[in-house]
Amino acid sequence: MFKNYFKIAFRNLLKNKVYSVINISGLAIGMAATMLIGLWIFDELSYNDYFKEKDTIARVYQHASANNITVTGPAIPRPLEFAMREEFGDNFEHLIMSSWNFTRYVSYGNKNINIPGFYMQEGAVEMLELNILQGDRESLKGTNSILLSEETAKTLFGSEDPIGKTVKVNNTNAAKVTAIFEDLPENNSFNGLKYLMPWKFYVATEEWARSERDNWSDNSFQMFAQINDNTNMEAITAKILDIKKRNSPEEAEFNPQIFLFPMKDWYLRGDWENGMQTGGRIENVWLFGIIGVFILLLACINFINLSTARSEKRATEVGIRKSIGSQRSQLIFQFLAESFLIVLLAFVFAASIVLLSLNGFNNLASKTIVFPWSNLGFWLVSVIFIVLTAILAGSYPALYLSSFNPVSVLKGTFKAGRHSSLPRKILVVAQFTISVALIIGTLVVMDQIQFSKDRPTGYDKHGLVQIPVMSSEFVGKHDFMREQFINSGGATHMTTISSPTTQVWSHRNGFSWDSKPAGFQEDFAYTSVGYDFVETLGLKLIEGRGFSREFATDSNAVILNKTAVKYMQIQDPIGKLIRHEDFDAPPMKIIGVIDDMIVQSPYSPVKQAMYEFEKLGNISYYNLRLNPNNSVSKNLGLIENTFKANFPNVPFQYHFVDEEYGKKFRSEERIASLARVFTALAIFISCLGLFGLASYVAEQRTKEIGVRKVLGASISQLWLLLSKDFITLVVIALVIASPLAYYLMSGWLQKFPYRTTLGWDVFMIACIGALVITLITVSFQAIKSATVNPVKSLRTE
């Protein structure tokens with residue numbers, strides 16, 4: 001019986017080649033898109049699955065409030081470690097103090113490389129489940145040891161045995177290689193880990209870290225934790241919530257709350273707003289999951305429409321089968337078997353499409369997804385996917401076709417009925433409603449990205465280069481290097497800065513000024529900068545001046561941004577004093593006010609910022625303004641030669657500030673690119689179905705077209721006759737899709753404080769585009785039918 005079902009199904013495919021191609025190709029493209037989205041979603045959901053104990057690993061986070069605004073993040077004070085060990089140490093398998101992800105240049109012989117990594121306490125190897133390929137797993141218990149990734153070890157040592165070799169870190173401190181660990185996969189939170197060094201080494205070589213041992217107000221550290229099996233995150237969070245307030249009453253005004261943030265949420269649910277977890281990448285997972293379902297639904301609608309449209313072609317077959325005793329359930333099963341065969345063939349083509357497009361998809365999505373040939377779970381899901389798709393696509397046609405009355409069919413009196421095409425029309429409207437809504441959504445996402453890109457940054461990011469100088473070798477040489485770079489002809493200005501131009505590494509409070517409101521809890525984005533800060537970055541001075549060598553008092557001076565002046569409620573700020581409340585230091589004089597510069601998110605309002613003159617050597621980068629009279633390559637060559645002449649053992653590394661700023665848009669740009677691709681596929685699938693229906697309608701009306709031509713109808717009249725019904729359906733879809741998309745995208749835009757407006761132009765472009773695509777799709781078949789010789793048209797009847 002099954003063999004007979006599939007034989008008949010195969011013969012029907014060969015008999016109706018055009019419709020078979022449309023059905024199979026539509027389903028194949030829809031299934032391929034859904035499979036790619038499924039692989040992407042699986043990769044997102046399996047992030048950090050490398051860590052088998054990820055449910056027990058957490059990062060210690062802190063809520064801190066000021067002026068009714070709560071800020072949440074992983075920055076914590078160093079003494080928190082000692083308090084947690086003393087009070088609740090028995091709740092943890094590991095408590096690991098850690099530096100931030102620092103890039104260090106490591107040298108061996110004449111090889112110098114820049115690599116990212118961490119300084120961590122002992123226990124980190126066990127918590128991160130690192131696979132030690134060579135050496136000692138207890139390496140972090142030492143002081144002058146370093147663990148390297150397998151890739152890093154090969155780069156530095158080649159075929160030599162690395163264990164026991166001594167390397168230089170930042171060209172100042174020696175460290176012995178004591179272990180090599182397996183490279184971590186891409187989809188985890190420590191994927192850039194190339195080295196690990198002992199926390200003891202960090203504290204021993206960084207004086208400021210030693211000095212902060214008892215300072216509860218300096219949130220400059222981070223800590224990881226692995227809890228014991230006999231407890232849970234919520235129970236421990238309840239215990240440690242007020243530990244900072246209890247140990248540091250002076251911090252109570254900020255209502256600090258300490259809690260454990262589980263590893264399983266780091267990647268997908270890492271967004272916080274005013275103390276509340278607001279989501280994160282999980283929103284994109286849901287978004288593309290819904291898009292995948294819609295694309296598959298569009299492909300299934302094509303199958304349903306073409307199957308039911310051609311119902312009269314199979315009416316006789318149904319009538320004969322029923323007259324010789326076939327039950328309706330048997331007919332339903334037969335038609336479902338045909339659907340299954342078509343879906344199975346479509347899946348084979350879909351898998352081929354996925355294989356061919358996976359590299360391009362990875363580049364687009366910035367992933368390293370591989371086709372899971374050996375994953376039994378994937379094939380099990382694929383079988384379920386095929387069956388569900390076959391049922392979704394084939395159920396309605398099977399029920400519809402099996403319902404024909406055999407008497408009326410065999411008498412030749414069977415007609416599909418006046419309203420038989422209504423379900424098809426509804427499905428076409430649904431198809432184009434989804435497609436147009438996707439077009440509008442994609443256009444809005446692109447518009448929001450461009451709107452943020454066009455936002456004035458407050459400085460001239462073009463022709464600006466930053467060079468990392470986080471090493472003691474550079475201390476005391478900043479003025480000398482400024483002179484050297486400018487004299488080389490490669491730069492016109494240079495300044496020093498304590499954090500990258502496009503980031504904020506530090507926040508400060510504990511200040512007072514004459515007009516400070518009572519009970520005001522200040523919080524500033526804080527950066528140390530050097531001379532020529534304003535000139536190098538091309539900042540716009542609203543009042544006052546920049547730091548100058550002509551004024552010795554500038555060593556105790558500060559520049560504010562426009563938002564800070566408003567935030568502090570200062571009138572005529574130039575010359576006003578800002579005092580330190582927490583320690584004895586000379587007051588800082590406000591010498592300048594600059595226009596707001598975007599340093600953090602380009603989608604959010606600019607934060608109040610304070611730029612203090614650097615006098616303690618707290619410098620991380622040189623910022624250089626390239627000479628506009630030379631080519632970029634010539635400038636970089638001159639700067640590199642100057643750098644190497646003075647620091648021959650330090651690898652020359654630089655970043656263009658405009659490129660670093662552009663990275664702020666990468667996540668949204670990837671989402672927009674993926675949305676464009678899948679929207680295009682959705683439109684193509686919809687048009688494919690429309691083309692099939694247009695072909696069928698033209699075939700059914702062959703005689704009518706011939707008669708109308710004989711009676712004098714023009715090609716344009718026949719084109720309108722065959723196209724108007726489809727255009728009407730698409731117009732109805734536009735009317736439904738526009739307000740729907742407006743509602744959904746208005747909600748999406750609300751998460752951006754700095755956002756574009758939903759203008760009529762977006763909807764106009766989407767609607768006109770949909771109509772043009774519809775006309776092109778339908779017109780091909782309509783014009784083809786209208787230009788056929790009426791003699792041939794009438795002869796076919």
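Colleague: How many of the five residues of strand β21 (residues 557–561) are buried?

Modeller: Five of the five are buried, so β21 is largely enclosed by the rest of the structure. Buried means under 20% relative accessible area, exposed over 50%, and partly exposed in between (1.4 Å probe, protein chains only). Strands (E, at least two residues) and helices (H or I, at least four) are DSSP runs, numbered from the N terminus. This is a predicted model, in which local features need pLDDT of at least 70 and side-chain atom pairs count only at pLDDT 80 or more, while totals for chains, interfaces and linings use all residues. Residues are numbered from 1 along each chain as its sequence is written, and side-chain values use heavy atoms, without hydrogens and water.

Colleague: Which residues point one way from β21, and which the other way?

Modeller: In a regular strand the side chains alternate between the two faces of the sheet. In β21, Ala-557, Ile-559 and Asn-561 point one way, Val-558 and Leu-560 the other, and all are buried.

Colleague: Which strands are joined to β21, and do they run parallel or antiparallel?

Modeller: Two strands pair if DSSP finds at least two bridges between them. β21 has five bridges to β23 (residues 588–594), running parallel, and three to β24 (residues 609–613), running antiparallel. Ile-559 stands opposite Gly-592 in β23 and has Tyr-611 as its bridge partner in β24.

Colleague: How is β1 placed, mostly covered or open?

Modeller: Nine of the ten residues of β1 are buried, leaving the strand mostly covered.

Colleague: Which residues form the nonpolar patch on the surface?

Modeller: Nonpolar side chains (Val, Leu, Ile, Met, Phe, Trp, Tyr) are joined within 5 Å, like charges within 9 Å. Here Leu-380, Val-383, Ile-384, Val-387, Leu-388 and Ile-391 form the nonpolar patch, with about 540 Å² of accessible area together (Shrake-Rupley method, 1.4 Å probe). Ile-384 lies in helix α14 (residues 376–401) and is partly exposed at 45% relative accessible area.

How values were computed:
Patch = residues over 30% accessible without salt bridge, like charges linked within 9 Å, V, L, I, M, F, W, Y side chains within 5 Å. Salt bridge = Lys/Arg side-chain N within 4 Å of Asp/Glu carboxyl O.
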